[in-house]
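Dear colleague,

I am passing on the structure we spoke about, and I would be grateful if you could look through it with the notes below beside you.

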Amino acid sequence: MALKVSSIPSLPRVNNGLARAIPIATTVAAAIVSILPVQAPGYAALTPAFTLMAVYHWTIYRPDLLPPVGLFAVGVAHDMLSGGPVGISALVLLLARAAVLRYRRIFINRTFPFVWAGFTVLSATALLSLWALHCLMQLSLLDLRTTMFRGVATVAIFPLASFALGRTQRALMETAA
Amino acid sequence: MIRPSAQLRATIQRTVPPFLILLSAAIIIVGKADQSMFESLRVALADDLSPGLDMLSRPFSVASTAFDRVRAFFTMYEDNLRLERENERLLQWQQAALKLSADNRDLRGLLKVVPENAVSYVTARIIADSGGGYVRTVMVNAGSEQGVSRGQAAITGTGLVGRMTEVGSRAARVLLITDLNSRIPVVVESSHANAVLAGDNSERPRLIYANDPDSLKIGDRIITSGEGGVFPPGLPVGVVTALEHGGARVEPYVDLSRMEYILVVDYGLSRALPQPVPVAGRASRRGKGSADEASAR
C-alpha cells in the first residue's frame with residue numbers, strides 16, 4: 001500500500017536557502033505551465049502532466065527538498081486555478097510521491113531509459129487513478145482515450161523535462177558543495 | 001532556535017504524508033458534497049494571481065501569433081483566392097441582409113414589437129485554461145470591476161463560447177459549452193424544435209431532449225433558444241455534424257482551442273421586462289450586428 005511511507009534518506013545538506021527552494025519552485029512552475037493557455041488544437045485536453053515529472057524527479061534525487069506539505073499546497077492551488085475538483089491533484093501528487101519514495105533506490109545511478117520506464121509506469125498509474133477519480137466524482141464513465149493520449153504526451157515529453165530538471169539539480173549540487 | 005529532537009522529527013516525517021493524503025481525500029469528498037464550499041477561495045486566489053497569469057500567458061500568445069504569421073506567409077496565394085471568392089459571396093449576402101434588415105424594421109414597426117434591450121460587451125483575454133481534459137473551462141482577466149457577472153454569455157465573433165461561472169473582482173471563469181456540466185437550451189433554426197446542448201468533455205457537444213429527434217439533419221444550425229432566461233435567444237452555437245440515436249453531435253462555430261479573446265455579453269436580461277410604450281422603429285440595434293450577420297449566413 002502506497003500509504004506506507006519510507007523514511008527520507010540523509011542526502012548532502014544544501015545550505016543555500018535559494019537552492020533549497022529549487023525543487024518546490026520547479027514544481028510550482030510545472031503547475032503554472034500546465035494551466036497556461038496554449039492556442040493549439042486539442043492541447044487543453046492533452047496537456048502533459050508536468051507536475052508529475054517534477055515530483056518523480058525530485059522524489060528520486062532530492063526527496064528531502066520536496067516536502068509533502070509543499071506538494072499538498074501546490075496540488076490544492078492547481079486544482080483551484082484549473083477549475084477542477086479541489087484535492088484531486090494534491091491526492092494524486094502525494095500518492096505518487098509516496099510510491100516513488102518507496103522504490104527510489106532502484107532508480108538511483110541507473111541509465112536514463114530505465115528511469116524513463118519507471119516514469120512510464122508512474123504516469124500510467126497516476127493518470128488512470130486521476131481518470132477513475134474523475135469518473136467517480138461525475139458518476140459517469142468518462143472517455144478514456146483522452147487520458148491515454150495525455151499519458152503518451154506526458155511520457156514523450158519527459159526526457160526534455162528530465163534534462164531541464166537534471167541541469168537545475170546539478171546547479172543545486174554545486175551550490176551545496 | 002529550538003531544534004526538534006531526531007525522534008520527534010522522525011515521527012513528524014512518518015505521520016505527515018499519510019495525514020495529508022487523508023486530508024486531500026477528505027477535501028475531495030467535502031468539496032463534492034458542497035460545491036460552493038471552495039468557490040470564494042477559488043475566486044480570491046484567481047483574483048490575486050490573475051495579473052501574474054496574465055503576464056505569463058502573453059509569450060504563448062505571441063508565439064502562437066508568430067507561428068500563424070509564418071504559416072500565413074506560405075498559404076498567402078491560396079488564402080487570397082479563397083478570400084476573393086468568399087468576398088464575392090459575402091457581398092451578395094450583404095445586399096440580402098440590408099434588404100432583410102429593412103423589411104425586418106418595417107415589420108417590427110407594423111407589429112409594434114417591444115424593442116430589445118441594449119447590449120454591452122466586455123472584452124477579456126484568456127489567461128489560463130484547465131489543462132487535463134476533465135474540466136473544460138478557461139479563466140479570463142475581467143471580473144466584476146469590469147462589469148462581468150455570473151451567468152452572462154461569453155461569445156466570440158463567430159458564436160457562443162460558454163457561460164460565466166465564478167466571478168471575482170479581476171478574474172472570472174468561463175464554463176465552456178463542451179464541459180461535462182454545461183447545459184444550454186437551444187433551438188434548431190430550421191424546424192424551431194427545442195433541445196438541450198449537453199457537453200461531455202469532447203470537442204463536439206451532444207444535442208439531447210430534442211422535441212423531434214427524427215427531423216434533425218446534418219447541417220442544421222443550432223442557436224440559443226433563450227429559454228430559462230440565462231442566455232438571450234438567437235446566439236449562433238454550432239452546426240449538426242453527426243446523427244446519433246435520439247440526438248446529434250454539434251460542431252461549435254467557435255474553435256474553442258484557439259481562442260485568445262472572448263466577449264462577455266450583458267444583455268441585461270434581469271431587467272428585460274417589457275417597456276410600457278413600445279415605439280415603432282426604435283429597436284435598439286447596438287451590438288446586434290454579429291448575431292444578425294451570422295444568422296443571415
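Predicted model: local features only at pLDDT ≥ 70, side-chain atom pairs only at ≥ 80, totals over all residues.

Residues are numbered from 1 along each chain as its sequence is written, and chains are lettered from A and ligands numbered from 1 in the order in which they are written.

Helices (H or I, at least four residues) and strands (E, at least two residues) are DSSP runs numbered from the N terminus, and two strands are said to pair if DSSP finds at least two bridges between them.

In chain B, six strands form a closed barrel in the order S1-S2-S5-S4-S3-S12, with antiparallel pairing. From one strand to the next the twist averages 45°, where axes are lines fitted to C-alpha atoms, for helices over the stretch in contact, and angles run from 0 to 180 degrees between N-to-C directions. Helix H2 of chain B (residues 39-74) lies across S1 (120-129), S2 (137-140) and S4 of that chain, at about 85° to S1(B).

Further strands of chain B are also linked by antiparallel pairing. S6(B), residues 183-188, and S7(B), residues 194-198, share five bridges, with B:Pro185 opposite B:Val196 of S7(B); five residues separate the two strands in their hairpin, where B:His192 has a positive phi near 60°. S7(B) pairs in turn with S8(B), residues 206-208, over three antiparallel bridges, and here B:Leu197 stands opposite B:Leu207. S10(B), residues 236-244, is joined to S11(B) by six bridges and runs antiparallel to S11(B), with B:Val240 bridged to B:Val250. Two residues lie between S10(B) and S11(B) in their hairpin, and B:Gly246 in the turn has a positive phi of about 75°.

In chain A, the axes of H2(A), residues 22-35, and H5(A), residues 68-82, come within 10 Å and cross at roughly 15°. These two helices are therefore roughly parallel to each other, the term being used for angles under 35 degrees, as against over 145 for roughly antiparallel, 65 to 115 for roughly perpendicular and oblique for the rest. Residues count as in contact if their C-beta atoms, placed from the backbone, lie within 7 Å, and those that make the contact of H2(A) with H5(A) include A:Ala31 and A:Val74. By class, the contact has seven nonpolar, four polar and no charged residues, where Ala, Val, Leu, Ile, Met, Phe, Trp, Tyr, Cys and Pro count as nonpolar, Asp, Glu, Lys and Arg as charged, and the others, Gly among them, as polar.

Between the chains, the contact takes 44 residues from chain A and 44 residues from chain B. On the side of chain A that touches chain B, H5(A) gives the largest share, eight residues, and the residues of that side divide into 29 nonpolar, 13 polar and two charged.

With best wishes

Note on methods:
Contact = placed C-beta atoms within 7 Å.
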